Amino acid sequence: MSNMATSKSGDVEGNCTVEERGSHLQEFKEIEEIRKLIAALKNTCMNQLDREISCERFTYIIDSYQEQPYLIDPYLESVLNQLLEIVRDQNSPPILVHEAFKYLYFITKMRGFKVIVRFFPHEVSDVEPVLALMDKENPQDYASWETRYMLLLWLSIVCMIPFDLKRLDNTTALAIKQGARATVMNRILQVGEMYLTVNDKSRDAAAYLISRFMTRLDVKKEKLPEFIDWSLQILHEAEAETVAGMNALCGILMTLALLFKHGKREDLLTYVPAVLEKVLGGVFLSDFNTVLRKSAMKILQRLGLTLLKSRVTSWRYQRGNRSLSANLQQKKALVTGPIQTLEVQNDDEEFDVPDEVEDVIEHLLGGLRDKDTVVRWSAAKGIGRITGRLPKALGDEVVASVLELFSLQETDGAWHGGCLALAELGRRGLLLPHRLKDVVPVVLKSLVYDELRGTFSVGAHVRDAACYVCWAFARAYDPEEIVPYVKKLANGLLVVSVFDREVNVRRAASAAFQENVGRQGTFPHGIDILTTADYFAVGLRTSCYLELSVYIAQFEEYTKSMIDHLVHMKISHWDSSIRLLAAKGLHNLTPKDPEYLAQTVMPQLIAMTSSIDLYHRHGSILAAAEITHALFLIADSQKKKITNFLSDSTISGLKEIPQKLDDSKLFRGLGGELMRKAVSHLIEKMSLSKMPFHKDSSIDHWQKIIDDCLHHKEPDVQQAAINAIPAFLSEYSRDENGKADTVKQDDLLKKYLNELKSNMKTSRQGYSLALGSLPKFMLHGQLEKVLTGLIQAATISESYVSWAETRRDALKAITSIIRTVGVESDGSVQNVVCGQNVPAIYRVFLAAMSDYTMDSHGDVGAWVREASISGLETLTCILSEKAPNLITPETCKNLCCCLLQQACEKIDRTRARAGSVFIKLLYHKPTVPHVPHRRELCVKLPHEDVKEINWAAPSETFPQLTGLLSLSTFTYSVLLGLTVSVGGLTESLVKYSSSSLYNYLHEISEDSSAMDVFSQTLIQIYKDYHRNDRVSIPLLKMTAQLLSKGCFQCFVDDTSHSFLVELLNLVKKEMYRSSDPFKLMAAADVLTELLQFREETKRLSLSSLMILLCHKYPRVRKSTANKLYEALVTYDDIVPENELDNVMTILSDTNWDTSIDEVRPIRNKVCDIIGIVRPVPSKLTVTDKQN
């Protein structure tokens, strides 16, 4: 309903975002393209591909104007005529005619059929052609329903020509006499009746056609009784359980509803009892089909309206000014005087209301409870329309019946339907001012309606409809009628506009508030509020709670209502994020009325902390914590203490909250996690607020709670405790001199360091992060011990290799400690980061850069590497500022190499972090000392080019970094990183990394020394990562790609260079006794690419390939045969020319999936043809077996 409410507000263009507001179009820009597409239909319709492309483009253009269809109006007639020319052309093939009608349908869908139908030709000469086209259509052809739909719409206006249809039959009297065809009247009626039972949109057009057709004077005399009887018969005989029966029922009900809408009352009144009896006696109102129930609601209201004469009731309330400017010119002055009514009929009570109307109203009221919105909406409109024709007493009874829907026993659907009905009654002037005292309270309740159901709630549609009611009030009443309710309505709309969970409801409330400000002019500070909290500003929920609410609360009329709404509604909300936002919102609102919050709200919240409801407990603890901290900040700014604001009982209540929860065992079981997080938050805020509990025993209990949370398996619970530690220890672990209490310090560090050796992963994680969060005074004199424990926790051990999270959190803790204690070049190792402990810290960070632990989650070592990157960044930046002499050349070299390797690897997140940190250190001020090749790096990576680069995007990263292969210090690291990327699986990653590497090798292909460096580096990577599948498999893939691209052609004629032989031997070594089929197939790719080189390499490669042709894995044999076949096609001189066809035939025709015993003779035959020694299977001797 928010879209409806806002579209009627006049000042808001639909439900769009801030970005969309500026993108609304001003004109139909693609009109020429539309005309060209239509003109080209004759050519494109004959080719399916062209036809689909044209249709897709046409649809895209039309759909983009769906929200602004009026922009096509200046060109609508010419476009429609262009399409109708194609339709009316006798030479147009059927497929062309269908495409034209399809385009017509797209335009109709955008602009609406009631607008389009007016542009159709509707002369006498058009009747026969349209009927002829209609006769050609097959109702069962589901591919051409657009054609039938548009023809039926065309027929609906053609049939209204102002001539007796019998005149059209005279011209074909002879044909009629011969029985060749029926009369025009019968043909139109038959077409309409035929399509009333189909299962596509043609049914809607057929209903519209018949409802219009039956209103003709000549038709209703002859056909109306017969059609009504036929319709009632269908309603009686159709089976709702079948698809065909359901289609027939929906079509008939829709037609009858439109017929009673378009027809004259005196013509249809006699049929009302029979139709009403059939509708009420059928299953239409209770059927599961939504369309059927909606159609039943429509026909019921039309029957009720037919029973009552069309009249403007004298008791209807006269609306206020429809012009905004007229209201504003009143300068908010209230007009006094009696209520004005329309003096239309003075004999208001001088007529009888038929008994059937009561049945209609009863069922419409029942429709307001329906489970589907469309049915409730139709029923609400029916209630409004019928009430407008009733006497005042009966109209008031209807209002009373609607108000009965707002009870706790009713469903959310009833509340929603009730709101819609009230809005309809209000905007029609049928809700008299004396009823406002009953209506406003239920509307205010509806504005905050929220019914919890399991883990979610329903009620957003009710709140949205309540906003619609408020919007309707703005237009329905004069300002003096609303004055008694202005404060309540304004407060109700504002709290919804900033505090509702759903964005559509917030925007609906904002639109309703805006409408009331403009049309009523009595809402306090309305213009000031709208300039800040407008329809678009309320789109962001966080901003609403933390910023807009504070702005609105500065006006005293709204302050307490904002606070009360958060306290009574939102801190107990079912959504935990809303509870947290509500608590933070109360923190920001506290300065607006600190006394009210301290003296009234805080006692309420403390009482709620003992509630049996989990959401109440959680929200009240969070709110109490935030308000306490806000009160402390106010007291501190006034040079006062927190005790000046909070009473002793409140302070005592706050202190006892953790103990009460623990005694009640509420930290366990369902909701225990929420309670732990909330209490940790409370401890943090009370510590920041310097609550006077320093010598109290509760402090030890708080410490125990925090320590228990550090053991918890949920990271959020651990993080809440970690956040509380700095404030808690800073306030309650100091002695009189402000230094650490040595007893507490020793006990805490001893416990925390012991937990770093725990057999529980979560304990190690929690206590590592806890050590990292310790304040500086707690680390004084104990830093060496803490760093040693964390360094040990961050180092991989055989027993806990898979615990990557513990190593990550230990590294995070070390990084946090570095920030906390700072750096002093000559400082004490017990107090600060200095020359004695910097090498050890760098070692643990650099070692972590080689953590590639894998588990079921994938490369979890990436978490450790990313934590290490952050640590290296922090340490190096601080050292470059405070003690650059502690950064050695070797350390800086290793640091840069590690960062560049990670910046070239395959994980986007890790690559982005490493790339940005490397650039930051390269251009850091003051300069980081000893960066290798600094000048060359600055040339290859200019600051202007790389400062905005997206390092996570392969297309941007690899072209920048591949050029660093030319820098000797970084060649190995960059190539190692590229190896994993080029040999990876992701398409975009492989595409951009490989193309960058090919381009680099192409540039240096003429430089023998550069190629020699590259080849030797590649060989070294093979040696260093032998049997390391993380690198070796991508390395084999990359090597095969480089060989296939001819990147090593410079070694073809250089017989003295050992690169190819070394490469071949390393590949064979990697294959030896490998059981990984992926590695073997990658190795086979390399071996087949080596066949292009000199004779020695070729012979050794063929020998290895022959072994793979008889490998135990069929997929390896098959892949090797395919690759060898491709090599024989690609490269010359691998086998003798006269035997080439024979070998290729054997490779392609052999089924390599069969057993090895069947394949081996074939493989041996290939060896004999090529001239390669047959491989002999290795067999273990008796001695070998015994050994």
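Trainee: Where is Lys 294?

Mentor: The model is predicted, so keep that in mind throughout. Lys 294 belongs to a helix that spans residues 290-307. That helix is α20.

Trainee: Is Lys 294 buried, exposed or partly exposed?

Mentor: Its relative accessibility is 31%. Buried needs under 20% and exposed needs over 50%. Lys 294 therefore counts as partly exposed.

Trainee: Which residues gather with Lys 294 in a patch of positive charge?

Mentor: The patch lies on the surface. Members must have over 30% relative accessible area and no salt bridge. Besides Lys 294, the patch holds Lys 114, Lys 261 and Lys 298.

Trainee: Which residues form the negative surface patch?

Mentor: Like charges are joined within 9 Å. Asp and Glu count as negative. The patch consists of Asp 355, Glu 358, Asp 359, Glu 362 and Glu 397.

Trainee: Is Glu 358 buried or exposed?

Mentor: The cut-off for exposed is over 50% relative accessible area. Glu 358 has 58%, so Glu 358 is exposed.

Trainee: How many salt bridges does the count come to?

Mentor: Side chains of opposite charge can pair when their charged atoms come close. The rule asks for a side-chain nitrogen of Lys or Arg within 4 Å of a carboxyl oxygen of Asp or Glu. The count of salt bridges comes to 51.

Trainee: How far apart in the chain are Lys 166 and Glu 222?

Mentor: These two form a salt bridge, with the closest N and O atoms 3.0 Å apart. The pair links distant parts of the chain. Lys 166 sits in helix α11 (residues 166-170), and Glu 222 in helix α15 (residues 217-222). Their separation is 56 residues.

Trainee: What is the relative accessibility of Glu 222?

Mentor: Glu 222 is the salt-bridge partner of Lys 166. Glu 222 counts as partly exposed, at 38%.

Trainee: Which residue forms a salt bridge with Asp 396?

Mentor: The closest N and O atoms of the pair are 3.0 Å apart. Asp 396 lies in helix α24 (residues 392-403), and its partner in the loop between α25 (412-427) and α26 (436-447), so the bridge ties together parts 39 residues apart in sequence. Asp 396 is partly exposed at 27%. The partner is Arg 435.

Trainee: Is Arg 435 buried or exposed?

Mentor: Buried means under 20% relative accessible area. Arg 435 has 13%, so Arg 435 is buried.

Trainee: Why are Glu 656 and Lys 660 separated by about one helical turn?

Mentor: Their side chains meet in a salt bridge (3.8 Å, N to O). Glu 656 is partly exposed at 32%, and Lys 660 is partly exposed at 42%. Both belong to helix α37 (residues 648-663). They are about one turn apart because their spacing in that helix is four residues.

Trainee: How many disulfides does the count come to?

Mentor: A disulfide needs two cysteine sulfur atoms within 2.5 Å. Cys 159 is buried at 1% relative accessibility, and Cys 250 is buried at 2%. The disulfide count comes to zero.

Trainee: How many Å apart in space are Asp 287 and Ile 527?

Mentor: Asp 287 is found in the loop between α19 (272-281) and α20. Asp 287 is buried at 10% relative accessible area. Asp 287 and Ile 527 are 240 residues apart in sequence. From C-alpha to C-alpha, the distance is 49 Å.

Trainee: Which residue does a cis peptide bond join to Lys 925?

Mentor: Omega is about 0° at this bond.

Trainee: What is the phi of His 930?

Mentor: His 930 is in the loop between α49 and α50. At 42% relative accessibility, His 930 is partly exposed. It is not a glycine, yet its phi is positive, about 70°.

Trainee: And what is the phi of His 933?

Mentor: His 933 lies in the loop between α49 and α50. His 933 is partly exposed at 23%. Its phi is positive although it is not a glycine, at about 55°.

Conventions:
Residues are numbered from 1 along each chain as its sequence is written. This is a predicted model: local features need pLDDT of at least 70, side-chain atom pairs count only at pLDDT 80 or more; totals for chains, interfaces and linings use all residues. Side-chain values use heavy atoms; hydrogens and water are left out. Patches are made of residues with over 30% relative accessible area and no salt bridge: like charges are joined within 9 Å, nonpolar side chains (Val, Leu, Ile, Met, Phe, Trp, Tyr) within 5 Å. Accessible areas come from the Shrake-Rupley method with a 1.4 Å probe; for residues, only the protein chains shown count as cover. The place of a charge is taken as NZ of Lys, CZ of Arg, CG of Asp or CD of Glu. Buried means under 20% relative accessible area, exposed over 50%, partly exposed in between (1.4 Å probe, protein chains only). Helices (H or I, at least four residues) and strands (E, at least two) are DSSP runs, numbered from the N terminus.
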